[in-house]
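Have the structure open beside you and follow along.

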Amino acid sequence: MTARVTDTDVLVVGVGCAGAAAALEAARAGASVVALDRAAPGGSSAVSGGELYLGGGTALQQACGIEDDPDLMYAYLHEALGPHLDAEKLRLYCDGSVEHFDWFRGLGIIFNPSLYEGVSWLPPTADGLMWLGENAWPFTELARPVPRGHRPATDGFGGWVLMDRLTAAVREAGVDIHPDTRVTGLVQDETGRVVGVRARRFGEDITYRARRGVVLATGGFADNAEMVADHAPALIGHKAVSDGLDDGSGIRLGVAVGGSVRRMAATQIALSVVPALACRGMLVDGLGQRFVNEDVYPGRFSQAAVLHRPGPWFTLVDEKGWEDVPERERWGVQPAVVAETLAEVETELGLPPGSLEDTVARYNRDATAGEDTRFHKDPRWLRPLEGPYAAVDARRGFDPDGSGPRAGTGVSGFTLGGLRTSVEGEVLDDSGSPVPGLFAAGRVTSGIHGEGYVSGTSLGDGTFFGRRAGRAAARA
């Protein structure tokens, strides 16, 4: 039986943030566009926090009285996303950040002109701007601290807002979206150029032919246990932050036609720790030792814990610290242990005798003097800890009984590595030459990231370079 054939100028595979941005820009450049998704538009982007890491002097920053420039933004991200980041892409991203923010506003996305001053994975407010570790050591030594977490006007998770508006804009631009369509292979002509894909939809074989280019935007591989074991073992046994469909299929498609990969071991890691509690107390490892300044971006203290320290990991806080955090900002966590003395906490948690007593004694000496001599936590968070104490076990997740989505190891994450691409989204082979007709953007690629991560850089990077890939494919 002959497969049905559909022709278009540009074919986009995956309609998350990167694919939607690519489809929109290709259509605006005058190309006919068909976008395929194995489920429905939105993907992991729609279930994300919704932060966009943008800066350089956006209208939102100006409205909040914040002064910024691309060089300050670059200095922070170069350190926070490194080592081994893509400096060329990062420079373009920082220099184009103001224009990229205006592009989002042009889609009708609203950002409230207010700054959330607290520390959190996600603010419980609808403030449009938030800090993402820029005001913590060592970054305060590198560049003037500037908040750059841009959030759509909703409290809590906001990825759905971005994707609702972005998907609507894609449809308004005339893009033909085909959901429930699984791509099974790329099609090449006799010269090796990628000219389409083979797919199945509701049991039917379909060939989609692309006159100008194919853009892969299928996400990472956190949901593929075999690929995680082969390339990103730091995530073995932990939960994936995704919509459940980040199976690495796009990466495998690209490699099958000669594409190369980059930074496949790089991961984002999230430990189930409430940052507002950690700042008011301390994080300790399975030996009862403190290991980081707790006011850093929470992904950074998560990496410090999971990659470099023995677990399990605990947040230790005293009664005042606990009460200082409003209940709605505790993310449903409850103490695993509450005790009058540190010795009791050690016994209950199975920590080495005297370990917490030594750790807290040193911390309290520094807090009394107003300087964290070991890890340089900002003095505004320093205060001697006094009994009674509470210890929160990260393994219980963000809910009281440990049954929530992050329960188990208390660790979740996603992959940052993927196909190697040019700044125009061209998929590159091992020699650095483009695979003709093939483009990619988003988590299917390695993007701007090295070994570090900051919230908002996936949505930001994916849409920024998705736009470039869409335009490049339309020109091809």
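Let's begin in the sheet, where S15 and S17 pair in the antiparallel sense, over 5 bridges. Within this pair, Thr315 sits opposite Val392 of S17. Do keep in mind that the model is predicted.

Now widen the view to the whole sheet. The sheet is open and built from 4 strands in the order S14-S15-S17-S16, with antiparallel pairing. At its edges stand S14 (282–284) and S16; each has a single partner strand, so one side of each is left without a neighbour in the sheet. On average, and with direction ignored, neighbouring strands are turned by 25 degrees against each other.

Helix H13 packs on this sheet, touching S15, S16 and S17. The direction of H13 makes about 155 degrees with that of S16.

Which residues of H13 (residues 342–349) are buried? They are Leu342, Val345, Glu346 and Leu349. Viewed down the axis of H13, these buried residues fall within an arc of 100 degrees, so they line one face of the helix. On the face of H13 turned away from the buried side, you will find the exposed residues Thr347 and Glu348. Just after H13, Gly350 adopts a positive phi of about 75 degrees.

| Helix pair | Angle | Distance between axes |
|---|---|---|
| H6 (residues 97–106) and H15 (residues 457–475) | about 90 degrees | 11 Å |
| H5 (residues 87–95) and H15 | about 90 degrees | 11 Å |

H6 and H15 are therefore roughly perpendicular to each other. From H6, the contact draws on Glu99, His100, Trp103 and Phe104, while H15 supplies Gly460, Thr463, Phe464 and Arg467. Sorted by class, this contact has 3 nonpolar, 3 polar and 2 charged residues.

H5 and H15 are likewise roughly perpendicular, given that angles of 65 to 115 degrees count as such. Here Lys89, Leu92 and Tyr93 in H5 meet Gly460, Asp461, Phe464, Phe465 and Arg468 in H15. By class, the contact of H5 with H15 has 4 nonpolar, 1 polar and 3 charged residues. Gly460 and Phe464 of H15 take part in the contact with H6 and also in the contact with H5.

Terms used: Residues are numbered from 1 along each chain as its sequence is written. This is a predicted model: local features need pLDDT of at least 70, side-chain atom pairs count only at pLDDT 80 or more; totals for chains, interfaces and linings use all residues. Side-chain values use heavy atoms; hydrogens and water are left out. Buried means under 20% relative accessible area, exposed over 50%, partly exposed in between (1.4 Å probe, protein chains only). Helices (H or I, at least four residues) and strands (E, at least two) are DSSP runs, numbered from the N terminus. The arc is that of the directions from the helix axis to the C-beta atoms. Axes are lines fitted to C-alpha atoms, for helices over the stretch in contact, and angles run from 0 to 180 degrees between N-to-C directions. Angles under 35 degrees count as roughly parallel, over 145 as roughly antiparallel, 65 to 115 as roughly perpendicular and the rest as oblique. Contact means heavy atoms within 4.5 Å. Ala, Val, Leu, Ile, Met, Phe, Trp, Tyr, Cys and Pro count as nonpolar, Asp, Glu, Lys and Arg as charged, and the others, Gly among them, as polar. Two strands pair if DSSP finds at least two bridges between them.
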